[in-house]
Amino acid sequence: MRVYIPATVDDLPRCADGLWEPPIAYAVTERLLDIVDSDDGDELAEIARDVAARASVIEVGSPLRVVVVAELTRAECETDPDLHPAAVRVQGRLPASAIACAFVDEPGAADDVSGARGGDDDALDRLEERDMLWYDATELSHVPVG
C-alpha cells in the first residue's frame, strides 16, 4: 500500500535511519474510493498526497509542505476514517527501505505556508496551486529547504 506521510523538513534526514515513527499517513483507502467519484488511480493518489501536504503544514507545523511516500503492507497500516477518509495509522517504525520518495515545496513557498498556518485561505489556495518538487529516497538528507 502506497502511503503519503505528512512530515516536516527536519524529518527528511531521519527517514533513512529506520527510527522514524510517523503516526498518521494518507492512502487510497476503501472509504476514499466510496466517496470520490473517480476510478483514476493517479487522481486518487494525488488526493491522498494533497491531504498529506496540507496536514504537513497545518497539523504538523512544517515550514514547507513535505510529504514522504512509502510502500507499506496493509498489516503495517490501520485505516482511521474518523480522522479522514484517506487516513491510516502507521504501526511502529518506518523502515528506511519502505521510503520511495518525497515531495517538498520550494523554499519560496515559505510565506504562503506561514500564511496558511495563520488561517489565510488565499495563502492556502496559492499553496495548493503550487507544484512540489520530487526527491528520490536517496536524496532526502540533502534536500535544500532554505
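Mentor: Please keep in mind throughout that the model before us is predicted.

Trainee: Why is Arg65 called buried?

Mentor: Its relative accessible area is 5%, and buried means under 20%, therefore Arg65 counts as buried. This residue is found in the loop between α3 (41-58) and β3, and its contacts, leaving aside neighbours within four places in sequence, include Ala53, Phe103, Val113 and Met132.

Trainee: What makes Thr8 buried?

Mentor: Thr8 has a relative accessible area of 16%, and the cut-off is under 20%, so Thr8 is placed among the buried residues. Thr8 lies in the loop between β1 and α1 (11-14), and it touches Val60, Ser62 and Val66 when residues up to four places away in sequence are not counted. Thr8 and Thr29 are 21 residues apart in sequence, while their C-alpha atoms are 24 Å apart in space.

Trainee: How many disulfides does a search of the whole structure find?

Mentor: The search finds zero disulfides. For Cys15, the nearest cysteine sulfur is that of Cys101, 11 Å away, whereas a disulfide requires sulfur atoms within 2.5 Å; the sulfur of Cys101 is therefore too far from that of Cys15 for a bond. Cys15 is buried, with a relative accessible area of 2%, and Cys101, at 5% relative accessibility, counts as buried too.

Trainee: What is the order of the strands in the open sheet?

Mentor: Seven strands form it, in the order β4-β5-β2-β1-β3-β6-β7, and the pairing is antiparallel. β4 (77-79) and β7 (133-136) stand at the edges because each has a single partner strand, which leaves one side of each without a neighbour in the sheet. The twist averages 30° from one strand to the next.

Trainee: How do you know that β2 and β5 pair, and over how many bridges?

Mentor: They are joined by three bridges in the antiparallel sense, and pairing needs at least two, so β2 and β5 count as a pair. Ile24, for instance, has Arg89 in β5 as its bridge partner. α3 packs on the sheet, where it touches β1, β2, β3 and β6, and its direction makes about 15° with that of β1.

Trainee: Which residues have the most contacts inside the largest nonpolar core?

Mentor: They are Val3 and Val68, in a core of 31 residues. Among the elements that each supply at least two residues of this core are β1 (2-7), β3 (66-71) and α5 (121-129). Apart from it lies another core, of 19 residues, including Ile24 and Val36. Val3 itself touches Ala25, Val68, Cys77 and Val88, among others, not counting residues up to four places away in sequence.

Methods
Residues are numbered from 1 along each chain as its sequence is written. This is a predicted model: local features need pLDDT of at least 70, side-chain atom pairs count only at pLDDT 80 or more; totals for chains, interfaces and linings use all residues. Side-chain values use heavy atoms; hydrogens and water are left out. A nonpolar core is a set of buried Ala, Val, Leu, Ile, Met, Phe, Trp, Tyr and Cys residues joined through side-chain atoms within 4.5 Å. Buried means under 20% relative accessible area, exposed over 50%, partly exposed in between (1.4 Å probe, protein chains only). Helices (H or I, at least four residues) and strands (E, at least two) are DSSP runs, numbered from the N terminus. Contact means heavy atoms within 4.5 Å. Axes are lines fitted to C-alpha atoms, for helices over the stretch in contact, and angles run from 0 to 180 degrees between N-to-C directions.
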